[in-house]
Amino acid sequence: MYILECVDERCIWRLKASSLRASNLFKVTDFNSVHSCLTDKRFCSQKQAISAFVAAVVQDKLVDPKIIYTPTDIQRDIQKVYGMDLSYMQAWRSKEKAMQLLRRSPSESYKKMPTYLYMLEYANPGSVTRLHTEGDGSFLYAFIAIYASIRGWVYCRPTFVVDGSFLKSTYRGTKLTASTQDTEGQILPLAYAIVDSENDASWEWFFVQFRETYGQRVGMCIVSDKHDAIWKATSIVYPEVPHCACIWQS
């Protein structure tokens, strides 16, 4: 038999269920769904229960990554719908739990990297992916170039731009990119990599993978900002290719 009662001993909410004979099923025999206590009493009795409850409520609003839904928004919505005041940290923890419900933990995602890269090549024949791990098997670098970009490079100007951008995920890291322009002046992404940071080793590894994928063309030129690691890497991997510096302006 299961008997569930509200955390407030004076509340009349109650559920009672008993098992059916020769079965794993339970039958609800008594259920009073009305709470006679205040919401603060039952929701604030356990911090973990609060974040789990709120996470289940707000997870649908986090499905689309384009929608910005902040802890402050969660505080406002929970107060409006349930009359419950959350601290900013409670709302933040609830959002983190909701993200885990939707996308699982980041560590589990990294474990699936080999499978993801395999399926990427399977679904896009001719694509190039590379995964580089450390001695203990943990993730270090990943390189991806889709076949459509590899094929399109033939019809583009032999000039490509490289740059790095910080990632704001759980494990941080940096995204390295290479892109060019097609004959219509539109940007064509050629390749990207996820690395630990913009350092000599990561940029050299990126250019090695890029050269193995795209080779070298007549009149090729590399454009970048003045990052020292890029200049060092290109002098090693592409010593005969001109390298131009450009100052980005917003």
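Gln 209 first: this residue lies in helix H8, residues 200-214. Helices here are DSSP runs of H or I, at least four residues, and strands are runs of E, at least two, numbered from the N terminus. This is a predicted model, so local features need pLDDT of at least 70 and side-chain atom pairs pLDDT 80 or more, while totals for chains, interfaces and linings use all residues. Residues are numbered from 1 along each chain as its sequence is written, and side-chain values use heavy atoms, without hydrogens and water.

Is Gln 209 buried or exposed? Buried, because its relative accessibility is 9%. The cut-offs: buried is under 20% relative accessible area, exposed over 50%, partly exposed in between, with a 1.4 Å probe and protein chains only. What does Gln 209 contact, leaving aside neighbours within four places in sequence? Arg 130 and Phe 143. Contact means heavy atoms within 4.5 Å.

Next, cysteines. The whole structure has zero disulfides, a disulfide being two cysteine sulfur atoms within 2.5 Å. Cys 221 is in none; the nearest cysteine sulfur belongs to Cys 244, 3.4 Å away. Cys 221 is buried, because its relative accessibility is 14%. Cys 11 has 10%, so it counts as buried.

Now the sheet. Three strands form an open, antiparallel sheet, ordered E1-E2-E3. Pairing takes at least two DSSP bridges between two strands. Strand E1 (2-5) and strand E3 (26-32) are the edges, each pairing on one side only. Neighbouring strands are turned by 15° on average, direction ignored. Six bridges join E2, residues 14-19, to E3. Lys 16 has Asp 30 in E3 as its bridge partner.

Key:
Axes are lines fitted to C-alpha atoms, for helices over the stretch in contact, and angles run from 0 to 180 degrees between N-to-C directions.
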